[in-house]
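Please open the model in a viewer and keep the selection tool at hand. The stops below proceed from one selection to the next.

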Amino acid sequence: VEHLVERVERAIGWAREAEPGLTCVVVAGGVAANGEVRRQLSGACGRAGLPMVCPPVRLCTDNGTMVAWAGMLRLWLGLAEPPLRESD
C-alpha cells in the first residue's frame with residue numbers, strides 16, 4: 001500500500017503541473033475495493049488538499065473480465081497473435 005501512496009503523491013504533483021486547476025483524485029477499479037488502500041490514499045489526497053472520489057465498493061471490480069472479453073473478441077476477429085516461441 002505504501003508504494004501506491006507514493007505513486008499517487010507523485011502523480012498528484014505531476015497532474016498539478018499539467019493542470020493547475022486539479023480539483024480531485026479519482027480512485028476506481030479493483031484497487032478501490034480495498035478498504036486499507038482507500039484509507040491510505042484518502043490520507044495522501046487530504047495532505048495534498050484534494051478530495052478523493054471513489055465509486056461504491058460494489059462497483060469497484062477488477063478489470064480481468066474486460067481483458068478476457070477483449071482477448072476473446074480479438075480471437076474471433078482473427079486478430080490474435082501467435083504464441084511466443086521459447087526462444088522469444
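Begin by selecting Arg-39, which is exposed at 52% relative accessibility; exposed denotes over 50% relative accessible area, buried under 20%, and partly exposed the range in between (1.4 Å probe, protein chains only). The model is a predicted one, in which local features need pLDDT of at least 70 and side-chain atom pairs count only at pLDDT 80 or more, while totals for chains, interfaces and linings use all residues. Residues are numbered from 1 along each chain as its sequence is written, and side-chain values use heavy atoms, with hydrogens and water left out.

Arg-39 and Glu-36 form a salt bridge, their closest N and O atoms lying 2.6 Å apart; the term requires a side-chain nitrogen of Lys or Arg within 4 Å of a carboxyl oxygen of Asp or Glu. The two residues are 3 apart in helix α2, so about one helical turn separates them. Helices (H or I, at least four residues) and strands (E, at least two) are DSSP runs, numbered from the N terminus. Glu-36 is partly exposed, with a relative accessibility of 34%.

How many salt bridges does the structure hold? There are 2. To see another salt bridge, select Glu-9 and Arg-47, whose side chains meet at 3.0 Å, N to O. Glu-9 belongs to helix α1 (residues 2-18) and Arg-47 to helix α2 (residues 35-47), so this pair ties together parts that are 38 residues apart in sequence. Glu-9 is partly exposed at 36% relative accessible area, whereas Arg-47 is exposed at 59%.

Next, display the largest nonpolar core, a group of 12 residues that includes Val-5, Ile-12, Leu-41 and Cys-45. Such a core is a set of buried Ala, Val, Leu, Ile, Met, Phe, Trp, Tyr and Cys residues joined through side-chain atoms within 4.5 Å. The elements giving two or more residues to this core are α1 and α2, and α2 gives the most, with 4 residues. In soluble globular proteins, nonpolar side chains tend to be buried together.

Stay with Cys-45, which is buried at 0% relative accessibility. The structure holds 0 disulfides, a disulfide being a pair of cysteine sulfur atoms within 2.5 Å. Cys-24 is in no disulfide, and its nearest cysteine sulfur, that of Cys-45, is 8.8 Å away. For the sulfur of Cys-45, the closest cysteine sulfur is in Cys-54, at 8.1 Å, which is too far for a bond. Cys-24 is partly exposed, with 25% relative accessibility.

Asn-63 is partly exposed, at 44% relative accessibility.

Finally, select helix α3 (residues 64-76), which contains Trp-76. At 1.5 Å a residue, its 13 residues should span 18 Å, and the end C-alpha atoms are 18 Å apart, which agrees; the expected span is 1.5 Å times one less than the number of residues. Just after α3, Gly-78 has a positive phi of about 75°. Trp-76 is exposed, with a relative accessible area of 60%. Together with Trp-69, Leu-73, Leu-77 and Leu-79, Trp-76 forms a nonpolar surface patch of about 580 Å² accessible area. Patches are made of residues with over 30% relative accessible area and no salt bridge, like charges being joined within 9 Å and nonpolar side chains (Val, Leu, Ile, Met, Phe, Trp, Tyr) within 5 Å. Accessible areas come from the Shrake-Rupley method with a 1.4 Å probe, and for residues only the protein chains shown count as cover.
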